[in-house]
Amino acid sequence: MSGKKPDNPDTTIKNLNDPDVPEEFRELGPRPVDEAELVRWLTEQFQSYPECAAVTVEGLFRLELPDSEGCNWSRTLVLDPHGAPAPAYALAYAAIIEKARKAFVLA
């Protein structure tokens with residue numbers, strides 16, 4: 001790979017071999033998605049944890065410029081836990097958000 005910077009740094013990630021990135025996105029880099037699609041995916045990920053079955057993601061925050069990792073949305077999510085205790089969804093949150101920020105950018 002040349003030392004040339006990519007033309008669009010918000011659609012690349014630093015480590016395409018990262019085990020936290022779903023396999024189908026490793027070669028392509030992060031996939032551009034609209035906010036609704038990302039919110040839906042994040043909700044599905046939370047609900048895949050039995051203790052988080054009722055948790056929904058209500059929103060997220062777009063960054064004005066991509067951060068140092070090339071992601072253009074924040075780690076901060078607006079959640080509705082629907083009664084799930086914070087310790088139950090906190091662990092899931094950390095795993096889900098890191099995987100998603102490496103896999104998706106907002107279109």
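## Cysteines

C71 is buried, with a relative accessible area of 1%. C52 is buried as well, at 0% relative accessibility. Keep in mind that this is a predicted model. A disulfide is a covalent bond between the sulfur atoms of two cysteines. How many disulfides does a search of the whole structure find? The search comes back with zero.

## The nonpolar core

In soluble globular proteins, nonpolar side chains tend to be buried together. Here, the largest nonpolar core holds 24 residues. Those with the most contacts inside this core are L38, L42, F46, L60, W73, L77 and L79. Two or more residues come from each of α2, β2 (56-62), β3, α3 and β4. Which element gives the largest share? That is α3, with seven residues.

Leaving aside residues up to four places away in sequence, W73 touches L38, L60, F61, R62, L63, I97, A100, R101, F104, V105 and L106.

## Helix α3

Helix α3 covers residues 86-103, which makes 18 residues. From the first C-alpha to the last, α3 reaches 25 Å, close to the 26 Å expected at 1.5 Å a residue. There is also a kink in α3 of about 25°, centred on Y93.

Y93 is itself one of the buried residues of this helix.

## An aromatic pair

A pair of aromatic rings is described by the distance of the centres and the angle of the planes. The structure has two aromatic pairs. One of them joins W41 and F104 in an edge-to-face arrangement, with 4.9 Å centre to centre and 65° between the planes. W41 lies in helix α2 (residues 35-47) and F104 in strand β4 (residues 104-106), so the pair ties together parts that are 63 residues apart in sequence.

Are these two residues buried or exposed? W41 is buried, with a relative accessible area of 18%, and F104 is buried at 2%.

Most residues other than glycine have a negative phi. H82 is not a glycine, yet its phi is positive, at about 45°. Where is H82 found? This residue sits in the loop between β3 (73-80) and α3. With a relative accessibility of 47%, H82 counts as partly exposed.

Conventions
Residues numbered from 1 in each chain as written. Predicted model: local features only at pLDDT ≥ 70, side-chain atom pairs only at ≥ 80, totals over all residues. Heavy atoms only, no water. Phe/Tyr/Trp six-rings, centres within 6.5 Å; stacked < 30°, edge-to-face > 60°. Helix = DSSP H or I, 4+ residues; strand = E, 2+ residues; numbered from the N terminus. Buried < 20%, exposed > 50% of the residue type's maximum accessible area, 1.4 Å probe, protein only. Disulfide = S-S within 2.5 Å. Expected span 1.5 Å × (residues − 1). Bend = angle between axes of the 7 residues up to and from the residue. Core = buried A, V, L, I, M, F, W, Y, C linked by side-chain atoms within 4.5 Å. Contact = heavy atoms within 4.5 Å.
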